[in-house]
Every structure is written in C-alpha cells, then in structure tokens.
Amino acid sequence: MQIRIINAPQENLFDMLARRVAPHVRKWVEENPVSSIGFLQVSIPDMFYFADIAGKAANVLTVELFGTCPQTTTTLAVLGETSAVRAAISAIEAANGPGF
C-alpha cells in the first residue's frame, strides 16, 4: 500500500481530481473545506475496509478514484480538513497493524 497526503492542494489538483470522481463528489468539494487530500493505493477489499475506518475516525469524505486498475488495485481518496485527514490516515495505519 502507498499513502500520500497533500496539504493545501493547488487549484489544478482539484481540476485533476474532478475528472476522476462522480458529480456528487465534485459538489461536496465545492461546498466543504478541503485543506488536505490523502491518497491510498490499495486492494479492492482494503479500499472498502479503510474507507469505513476513515469515516468512523474523522469527518472526511472517502471516494474511489476512477481510472485505476479495477482488477487488483484502486486508489482511495480521503478529503477534508488537514487534522481530519491526518486522523483518518492514522486510524487506517493503526488498523493495519505493526510493520505497516
């Protein structure tokens, strides 16, 4: 699994993101503060598991990005305020156990 967190994303990043998400996600991004985006490249089962953990740990929106390899891996985006994204990613790391 790969994890990347982008703090204070530039506007062009939101343009790139908008092409890879459903319309309701674009609307959510327009209406809510997004000061960080976490990206996790994971297996399909892990995506659902980690999205659930992230949503329970913090006030974030989790979304699968379109355009990744659907057979084996996908990319999960965790959007929200910086502290919330960091809390969600920390919860995912903790749930994944030692050696992560």
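Student: Which residue in β4 stands opposite Thr62?

Tutor: This is a predicted model, in which local features need pLDDT of at least 70 and side-chain atom pairs count only at pLDDT 80 or more, while totals for chains, interfaces and linings use all residues. Residues are numbered from 1 along each chain as its sequence is written, and side-chain values use heavy atoms, with hydrogens and water left out. Strands (E, at least two residues) and helices (H or I, at least four) are DSSP runs numbered from the N terminus, and four bridges join β3 to the antiparallel strand β4, residues 73-80. In β4, the residue opposite Thr62 is Val78.

Student: Which strands are the edge strands of the sheet?

Tutor: Two strands pair if DSSP finds at least two bridges between them. Four strands form an open sheet with antiparallel pairing, in the order β1-β2-β4-β3. The strands that each pair on one side only are β1 and β3.

Student: By how many degrees are neighbouring strands of this sheet turned against each other on average?

Tutor: Axes are lines fitted to C-alpha atoms, for helices over the stretch in contact, and angles run from 0 to 180 degrees between N-to-C directions. For neighbouring strands of this sheet, with direction ignored, the average turn is 20 degrees.

Student: What angle does the direction of α1 make with that of β2?

Tutor: Helix α1 packs on the sheet and touches β1, β2 and β4, where contact means heavy atoms within 4.5 Å. Its direction makes with that of β2 an angle of about 40 degrees.

Student: And what angle does the direction of α3 make with that of β2?

Tutor: Helix α3 also packs on the sheet, where it touches β2, β3 and β4. The angle between the directions of α3 and β2 is about 145 degrees.

Student: Is Ser36 buried or exposed?

Tutor: Ser36 is found in strand β2, residues 36-43, and its contacts beyond four places in sequence include Ile6, Pro9, Leu79 and Val85. Its side chain makes polar contacts (a pair of N or O atoms within 3.5 Å; within protein, one able to donate a hydrogen and the other to accept it, with residues adjacent in sequence counting only if both atoms are side-chain atoms) with the side chains of Asn7 at 2.5 Å and Thr82 at 2.8 Å. With a 1.4 Å probe and protein chains only, buried means under 20% relative accessible area, exposed over 50%, and partly exposed in between. Because its relative accessibility is 0%, Ser36 counts as buried.

Student: What is the phi of Ala8?

Tutor: Ala8 is found in the loop between β1 (2-7) and α1 (11-18), and its relative accessible area of 61% makes it exposed. Most residues other than glycine have a negative phi. Ala8 is not a glycine, yet its phi is positive, at about 50 degrees.

Student: At what distance do Asp52 and Lys56 meet?

Tutor: Both residues lie in helix α3 (residues 44-57), four residues apart. Asp52 is partly exposed at 39%, whereas Lys56 is exposed at 67%. Their side chains meet in a salt bridge with an N to O distance of 2.9 Å.

Definitions and conventions. Salt bridge = Lys/Arg side-chain N within 4 Å of Asp/Glu carboxyl O.
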